[in-house]
Amino acid sequence: MEAAVATESLSKLNINGDFASSLPNLHKNLHLLSPQQVELAKMLVEKGQSHLFEHWPEPGVDDGEKKSFFDQVARLNSSYPGGLASYIKIARELLADSKAGKNPFDGFTPSVPTGENLSHGDENFIKFEEAGVREAQNAAFVLVAGGLGERLGYNGIKVALPFETITGTCFLQNYIESVLALQEASYRMTQGGQKKEIPFVIMTSDDTHARTLELLESHSYFGMKPTQVKLLKQEKVACLEDNDAKLALDPQNKFRVQTKPHGHGDVHSLLYSSGLLYEWRDAGLRWVLFFQDTNGLLFKAIPASIGVSVTKGYHVNSLAVPRKAKEAIGGITKLTHTDGRSMVINVEYNQLDPLLRATGFPDGDVNCETGYSPFPGNINQLILELDAYIEELKKTGGGIKEFVNPKYKDASKTSFKSSTRLECMMQDYPKTLPPSARVGFTVMDTWLAYAPVKNNPEDAAKVPKGNPYHSATSGEMAIYRANSLILRKAGVQVDNPVNEVFNGQEVEVWPRIVWKPTWGLTFADVRSKVSGNCSITQRSTLAIKGQNIFVKDLFLDGALMIDSIDEAEIKVGGSVQNKGWILEKVDYKDTSVPEEIRIRGFRFKKIEQLEKHCSEPGKFELKA
């Protein structure tokens with residue numbers, strides 16, 4: 001009787017249910033489904049996924065769950081370029097390659113690609129910075145922020161973490177203020193014309209979306225217009241239970257496909273499907289910058305990097321830092337195939353050395369005369385030329401070359417320890433580019449460009465001596481080191497650091513110096529705002545929050561905080577001496593201290609400081 005009802009319902013919908021005739025559990029439930037859902041069921045069966053319906057009960061039992069199953073399948077289908085059929089097909093190919101132990105680099109020979117090596121503060125660097133600021137109003141910025149801070153020992157979203165604790169400015173605020181400073185400086189430099197608003201996109205995930213929105217809304221978007229900011233949420237992808245790419249059911253719910261994150265490569269398909277790239281092109285934009293969520297130094301490197309892209313006409317410009325041979329950071333490498341294909345991409349450090357040894361370089365990855373590997377270290381910040389980017393994504397539908405990393409039960413590679421899934425990385429975008437694409441890199445000093453915060457205190461303390469900790473401790477100390485070194489290059493006498501241990505990590509402690517992006521966006525800005533004979537002792541703390549603060553003949557031995565509106569001009573000088581702020585050690589296990597402080601291993605004890613706050617327009621002097 002039920003089968004007859006089902007057949008009659010389907011014929012009314014003009015749908016042939018024959019595909020399900022050998023699957024009684026699905027067949028008798030087909031009449032519950034919409035035509036679109038029946039089409040999805042047909043596709044799943046044709047793609048070898050009939051196991052998904054084996055446990056389905058009679059109509060009238062869990063009907064709501066059955067429809068929810070197809071709601072989820074529809075989402076998985078629409079969010080993947082080419083749909084689930086394409087996902088399953090690619091998965092089978094990659095799983096077969098993995099089982100066969102196929103080397104993705106077979107036939108390729110590595111060589112050192114062409115790029116630009118910059119030295120902070122020299123005339124070349126200043127020239128690129130100026131070109132970059134001028135061009136910045138023609139750029140859009142994309143922040144990849146799908147991750148939580150659990151690996152750091154922090155339960156919030158990573159972009160909410162303070163990037164320094166003198167002012168407590170979080171990463172997201174620092175990024176937005178940096179983009180706004182670039183927007184303003186670019187407008188001033190090009191004089192006239194319409195003031196452009198730089199678009200700012202944040203890729204979120206189920207884990208971070210609501211909290212990112214809440215952080216923005218509760219802080220009035222940190223001064224940016226809400227219309228400038230767009231959030232694009234990435235979906236997860238279906239898990240795979242075996243080498244045949246059978247979709248895995250959720251162990252907790254037999255009416256759900258198990259899903260896991262696909263990786264930050266999703267940013268390309270999201271931008272493509274959102275239509276934003278075409279909007280930007282119509283608005284006259286030329287560049288898209290991609291960056292990740294917890295590198296507090298990044299915007300010190302961005303103006304010059306944009307300058308390199310403009311000057312060299314790069315379609316792809318990867319930001320990089322000098323890397324020691326075999327250091328645990330991917331190397332930017334040119335790969336040339338025996339069939340003539342070539343590409344410039346990131347090769348993971350554990351693949352680069354064996355690849356070199358296998359292709360005629362018996363010593364593998366070794367340092368050259370500079371003391372560094374000739375293959376620069378990839379820091380996952382990309383600048384793409386917009387027109388070429390759109391043309392490429394038209395061909396791929398936004399899809400990025402994927403990989404699969406199954407954990408096999410044994411050497412036979414016939415079954416997995418747990419389900420796997422396809423993954424993709426943002427930096428693999430160049431893999432599909434034609435040989436005519438201009439792909440290069442920009443190398444800058446690590447102290448200036450790269451101090452990611454990604455390891456918790458326990459893991460960081462185990463890092464071998466001399467290797468970077470990449471923790472909240474080292475990340476904050478790197479800000480103070482960079483600012484101290486920049487001031488030194490601008491002519492300020494800055495004391496040498498002392499070494500201290502926090503949370504088991506030995507770090508250099510420089511004078512604690514911070515400034516807002518509007519004060520010192522470029523080296524030329526900093527140089528124009530300090531003059532005369534200035535010196536800062538190692539125990540000092542200095543915070544500059546305002547655009548027009550000029551420091552001349554200042555001797556600082558203690559703590560000085562200057563805060564002003566942009567319409568005020570303050571001249572600061574003389575001798576400022578006080579008891580200052582002291583760094584107090586904190587144990588990361590001490591739960592009486594907030595997470596974002598204890599993961600650093602220190603906090604400031606504010607004993608004495610000189611503060612100057614200007615909220616009125618005009619010219620002022622602070623002469624101690």
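A residue is called buried if its relative accessible area is under 20%, exposed if it is over 50%, and partly exposed in between, using a 1.4 Å probe and protein chains only. The structure described here is a predicted model, in which local features need pLDDT of at least 70 and side-chain atom pairs count only at pLDDT 80 or more, while totals for chains, interfaces and linings use all residues. Residues are numbered from 1 along each chain as its sequence is written, and side-chain values use heavy atoms, with hydrogens and water left out.

**Aromatic pairs**

Rings of Phe, Tyr and Trp (its six-membered ring) pair if their centres lie within 6.5 Å; planes under 30 degrees apart count as stacked, over 60 as edge-to-face and the rest as tilted. The structure holds 23 aromatic pairs. Two of the edge-to-face pairs are set out below.

| Pair | Centre to centre | Angle between planes |
|---|---|---|
| Phe291 and Phe299 | 5.5 Å | 85° |
| Tyr389 and Tyr429 | 5.3 Å | 80° |

Tyr389 belongs to helix α13 (residues 386-396) and Tyr429 to the loop between β16 (422-424) and β17 (439-443), so this pair ties together parts that are 40 residues apart in sequence. Helices (H or I, at least four residues) and strands (E, at least two) are DSSP runs, numbered from the N terminus. Tyr389 is buried, with a relative accessible area of 0%, and Tyr429 is buried at 4%. Phe291 is buried at 1% relative accessibility, and Phe299 is buried at 6%. Phe291 and Phe299 are also part of one aromatic cluster, along with Phe141, Phe163, Phe171, Tyr175 and Phe200.

**Helix α7**

Helix α7 covers residues 171-190. Its 20 residues reach 29 Å from first C-alpha to last, close to the 28 Å expected at 1.5 Å a residue; the expected span is 1.5 Å times one less than the number of residues. Of the 20 residues, 15 are buried, so α7 is largely enclosed by the rest of the structure. Just after α7, Gln191 has a positive phi of about 40°.

Two strands pair if DSSP finds at least two bridges between them. Four strands form an open sheet in the order β21-β24-β26-β30, with parallel pairing. Its edge strands, β21 (512-515) and β30 (610-614), each pair on one side only. Four bridges join β21 to the parallel strand β24 (residues 541-545), and Trp515 stands opposite Ile544 in β24.

**Asn578**

Asn578 sits in the loop between β27 (568-577) and β28 (581-585). Asn578 is buried, at 9% relative accessibility.
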